[in-house]
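Open the structure in your viewer and keep the selection panel at hand. The tour goes from one selection to the next and says what is there.

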Amino acid sequence: MIQKAVRMAVVFALMLLVLIPLEISWAKGWEKIPQSEQALASVPWAPSAPAVVLFHNSSIVLSPKGSSSHREEHVRVKILAEEGKEYGSVRIPSSEYHRLRDLEARTISPDGTEVPLAKDAVFEKTYSAYYRQQLTTFAMPNVSVGSIIEYKYSIYFDRALTFWEIYFQDELPILSREVSFEKPHRYEFNANYIDPAGGKPTRETHESRKALIVTYSASNMAPVPDEPFRPPFVDLSARVQFVPRVIYIGGQGTTPLSRSWKNLADVFKKYIYEDFVKGSKRTRARAKELVAGLSTDEERAAAVYRFVRDEIATDPSTSISVGDTTSDRVLEEGEGTPTEKALVLQTMLAAVDIDSSLGWTNLRADGDIHLEFPGISRLGRTLVVMNPDGERIFLDAADPDAAFGYLQPELENVLCLLLAGEKPDWVRTPELSDEDSRRAARIDLQVEDGGRIVGSGELTLTGHHAWRYLNWKDTPDAAAAAWTEWLADRHPGYDINETKVTESVDDGHIAVTWVLAQRAEEVLGDEATIRLAAPLALQANPFTLEVEERQTKVFLSFADQEEVETHVVWPESWQIDIEPRWKNAGSLTGKIATELEVDAEARTLHAKRTFTQTSREVAPNWVYGELRQIYQICVENDAETLVLARRE
Amino acid sequence: MKLTRLLILLTFCAGAQAATIIERSVEIDVAESYVLTSEELLVEIDRPGDNESWGRYPIYLNKNIELVRCTAEVLDSRGKVVEKIPRRRHHRLESPGSNLYSSAWANIIPFPPLEVGQRLHIDFATKKRPYFPATRLALVQKALQKKLTVLIRHDGGDLRWRIDPQTSSFLVDELPNELTIAGKDIPPYVVPVYAPDPDTAFPFLQLAWGAGQTWADVGVWYEELLADLPRNDPEVSALAKRLTAGLESPRDQVEALSDYVRRKIRYEAVEIGVGGYVPTPAPEVLQRAWGDCKDKAALLAELLAAVDIPSHLVVLRSGRDGAFTREFASPNAFNHVILGVPAGQAGAAPGDPVAEGLLFVDPTWERGTLSWLAAADRDRDVLVVDGRQSRLVRIPEQPSAETGTLEVTGSIKPWGDLTAHVRLTLTGTIAIPWLEDLATKSVNENEADFRRVMGFNMAGSRLSNIRWSPSASAAPTLTMEAELSVPRLVRGDDARRVLRATGLTVFPEARTLDDRQIPVVLTPAQRRTVWRLQLPSDWCPAMAVDDSTENHLGHVRTTVANESDSVVTVLREAEIRQSRVEPGEFEALGALSVAESRADRRQIRLRCPDQP
């Protein structure tokens, strides 16, 4: 019973979002706007900003009684340009567990006139009656360039022992940001301030007989750069975390939670996972049925893995906790969260005498895990890790497109906490090499006497390239139709026919074949132009910012190889008018290798270009310059065409 | 007026699934003040992906539409009930879209994970109190319907009905108080690129009853809805007089007032029940400085009235495709409100968006002037609300309002590389997102966007020193300039050289017309690309070209001419003149599309007179 209470407490602790205004109450009282804010017309260090946050104060007050705990937000924004007026519309999420109260807002016109937000101008959308999730929306009145909009509200919640992560930067510049955290002495929290840019906030503490108040404040916070291929916002923004070191057990006091990673793992194993796997009799029996007749451990593990991957649907939760269920019930219902599926898989592996460990990790897009700050905040995915011959195999049964031992790009080279053993162990997940993720196209083209170009093609995808398109469509016919469309976009002016697709999740492989013929109305008769890098031609350089402009490092999806090999043959009545020219290139981030052979007598051309991208993350310095340069060369190469002309 | 659009879209979303509808039975009871619609569906899950599309079944509701009955259950392949979905497990899903608030919502039936071979049985009824005595029903869905039966009962009053687009796919049996529509094996609809709105492209049933039978009736109905709005508010009048003080000409006055509403009243929509049709009182809109299309149009009407300039609200279907059934009077097709001002009293000038004596003004758009009407409002029928004189008027197309001009002026190096100055000028609706980005995005991001656009037109090109400027011309206009280099723009050697001068394109690929049955919807526009290139003096000139293809839908033209001093000029022009192209016009559209494509691919040859 206690364990169940702990489990539910953890579940609540994971609910970071805010909640429901069943009935909004209204606060009173405003401070005078300083003349300096009235006069502010622009921000010198963010000259294109359409608006600026003059200040944003967040105040979290944890009550010993829990139910009167609350978070106050107070925001003042100045509109600097017409486009900034959109910040006059505000949306505040809330829910049953986080109740919105004391909402108050006003607009101060450039001439100092104040217009309060009318009560009937506040609207509530109920997103889920079941989960009692709501969105409160309001449009501030009389907003114009030069206006100041100001609003404040409180969110009340019952669970005090919750993880908090509060950002100090946003899409707008912020002149003043302050976050205060008030907690009774008996609650233990770790407070961590993280600023990727190395900034230091002012930190003040105030202690009374009953509570400790910690206040962080910072000024002139620049907007987080919105650059293509940047790391996730959660890693770029300065932020403060308040991490509970204990967790409340209903009626039983608290138990340590986050003093260390070991402590965190022990709490989960003891209070959450143990109950889940207690009800696993049928799970274990099913595992034994699945491996009947299989001899090696790898065969047995793969059979069990495929069963959990394919026969239990994935509920897309990002919690490392589990619901009030058991392994057998998940098996029976045929649906589970990634963590529940991992626990089922681990239980099945144990039933057939294969050792494994659970591994906590996170998708790359959801932010880095900070080893120095134990807590559940950045843990969102649970894997199963085998170590049969000293080489770890990571299993993600929540991914329906993942072969045995395959991890999607977002789970590559991320930290993973292995829970097995006395002391949890941090490891990094493996990463496929560029050779493992390939797109290779082979195109054979023939120019007919009348000038029409016809031919066939084959595209092979492996590794992450295959993963992206495995199970792309529901049926083989639908997949063939989708690939036909994909190819038609990359072969403009051609009809694509007889598209055939073969794919295998367990081999991580897709092969597409097709025939192509220039559309009759596109045939010029005396001239034929062939773009040799189609269908993988790069249209434009995605890295447009100059080296000195780039602020954030480049986050690419994965290392890979893209190869196009084109063979062209033409009739005697035709000749080469213009030959293509390709360049080779190499750098720290990748290389381009090309081959071009023309046999005028045989009237054939053979062209092959391979673009290898070796780096997944590129620093915003001269290395980025190299990345940009190699892409530029690839674009220029891919723009090259073979021009054939009828002999005159 | 966005509510109407939402409801229509929602109606079609309800059918946005695959699987097979084994039987669909709809009964519509039309009474004087309400419509009771009962719908029963039996759906077979016949492929794994159906689970995704049928797992959450929506029933669309609003202030005036209530769910009076609903049962939902999962059956096995033999028809035995596997699971019932009680009402308490249904979810509420608020209306999609960017509105600040809308009272429209969806009741979601959450089915458990579905297996191939299972069936869904959904039986529900809604009671609607229509604001106008009319309703509609989508007859085609995204899933194949093996059997469809629609039964309409009415109490003997005048019931009008119509199925559009006209089709013989349905059997219709009309009795004095009853109408039955039946169909079998009705294929699912597929929405290709450049498609009209699904609710006008695929068969749907329209019903109307009561007195409102003409567009004048619809106009009167709308005016009655607005009857209680306050008029002649002193604050509104004072503002109008202040804004027009010193302006002598009516045109200047209309321009000043519409400019105020465009720029000072920000667009934000709140639609609650009939509030989806009725504007917020003008003084309130003025005080809060935000509103939706009808709020802004009604405020402008009040401002104009304050300076003795009359106007009429005008309702229309905005968007790429403004089509609706002229023969069936009903406000259900409309989703936008603008204003019509008598052209004479507004001082309209040649080239202004004028039709049948009215100058059309859309104050929802924050940019532009009286001379410019957004593409989303042009080339369509609109209803001018004017009491018994309410009438449909067609706003003409203005292809010249949507232009894109690319000018490349530079020189070719002896090895074929181009260095040039490039200028891209965009005018009209296409310029608006660019202008907004310029104001809100960082310099770096804007440069990235420009490079991307140019990169697509000139693969391999490099741009530097990019700068841009908005223009204060009549239509939203943006000019971007940069220095351009293109490696190997001219290729070959002394014996044979070729140059490829691509251009801004406007027509869809010809393959989009293959086997197509439904109209194509495009944005009428003009595009012009001019290359003016200085060649090395010892090079041969370009072979002259003058190709032109023209028909009633538009034209494509390419000319290559040599000027003195080794300068070659390549001019490429393309124009689309109408937005909606019917299947009967596909041949003409295809001819233009092919001409543009061939011109884009054709190499321009540099040859001396003595060369073969």
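The stops below begin with one whole chain, go on to the contact between chains, and end with single residues.

**Stop 1: chain B as a whole**

Keep in mind that this is a predicted model. Select chain B and colour it by secondary structure: it has 12 helices and 37 strands. Its C-alpha atoms fill a box of roughly 85 × 70 × 45 Å along the principal axes. Of the 612 residues in chain B, 59% are buried. Now consider contacts in chain B between residues at least 6 apart in sequence: 73% of them join residues at least 24 apart.

**Stop 2: where chain A meets chain B**

Show both chains in separate colours. The contact draws 67 residues from chain A and 61 residues from chain B. The size of an interface is often given as the accessible area lost when the parts come together. Between chain A and chain B the buried area is about 5600 Å², and carbon and sulfur atoms give 45% of it.

How many salt bridges are there between chain A and chain B? The count is 14. To see one of these, select A:Glu527 and B:Arg602, whose side chains form a salt bridge with an N to O distance of 3.7 Å.

**Stop 3: A:Thr137**

Stay in chain A and select A:Thr137, which is in strand β7. Is A:Thr137 buried or exposed? With a relative accessible area of 0%, A:Thr137 is buried. Leaving aside residues up to four places away in sequence, A:Thr137 touches A:Val90, A:Arg91, A:Ala121, A:Val122 and A:Phe123, as well as B:Leu100 and B:Tyr101 from chain B.

**Stop 4: the disulfide**

The structure holds one disulfide over all chains. Select B:Cys540 and B:Cys608: their sulfur atoms are 1.7 Å apart. The link is left-handed, with -90 degrees about the S-S bond. B:Cys608, at 22%, counts as partly exposed.

**Stop 5: two cis peptide bonds**

Go to A:Ala534 and A:Pro535, where the peptide bond is cis with omega near 10 degrees. A:Pro535 sits in the loop between β28 and β29 (554–555) of chain A. In chain B, select B:Asp164 and B:Pro165, which are also joined by a cis peptide bond, with omega about -15 degrees. B:Pro165 is in the loop between β12 (159–164) and β13 (171–175).

**Stop 6: two positive phi angles**

Select A:Asp102 in strand β4 (residues 98–108) of chain A. Its phi is near 55 degrees, a positive value in a residue other than glycine. A:Asp102 is partly exposed, at 24% relative accessibility. Last, select B:Asp185 in strand β14 (residues 178–186) of chain B. B:Asp185 is not a glycine either, and has a positive phi of about 45 degrees. With a relative accessible area of 47%, B:Asp185 is partly exposed.

Notes:
Residues are numbered from 1 along each chain as its sequence is written. Chains are lettered from A and ligands numbered from 1 in the order in which they are written. This is a predicted model: local features need pLDDT of at least 70, side-chain atom pairs count only at pLDDT 80 or more; totals for chains, interfaces and linings use all residues. Side-chain values use heavy atoms; hydrogens and water are left out. Contact means heavy atoms within 4.5 Å. Buried area is the accessible area (1.4 Å probe) that two parts lose on being put together, summed over both. A salt bridge is a side-chain nitrogen of Lys or Arg within 4 Å of a carboxyl oxygen of Asp or Glu. A disulfide is a pair of cysteine sulfur atoms within 2.5 Å. Buried means under 20% relative accessible area, exposed over 50%, partly exposed in between (1.4 Å probe, protein chains only). Helices (H or I, at least four residues) and strands (E, at least two) are DSSP runs, numbered from the N terminus.
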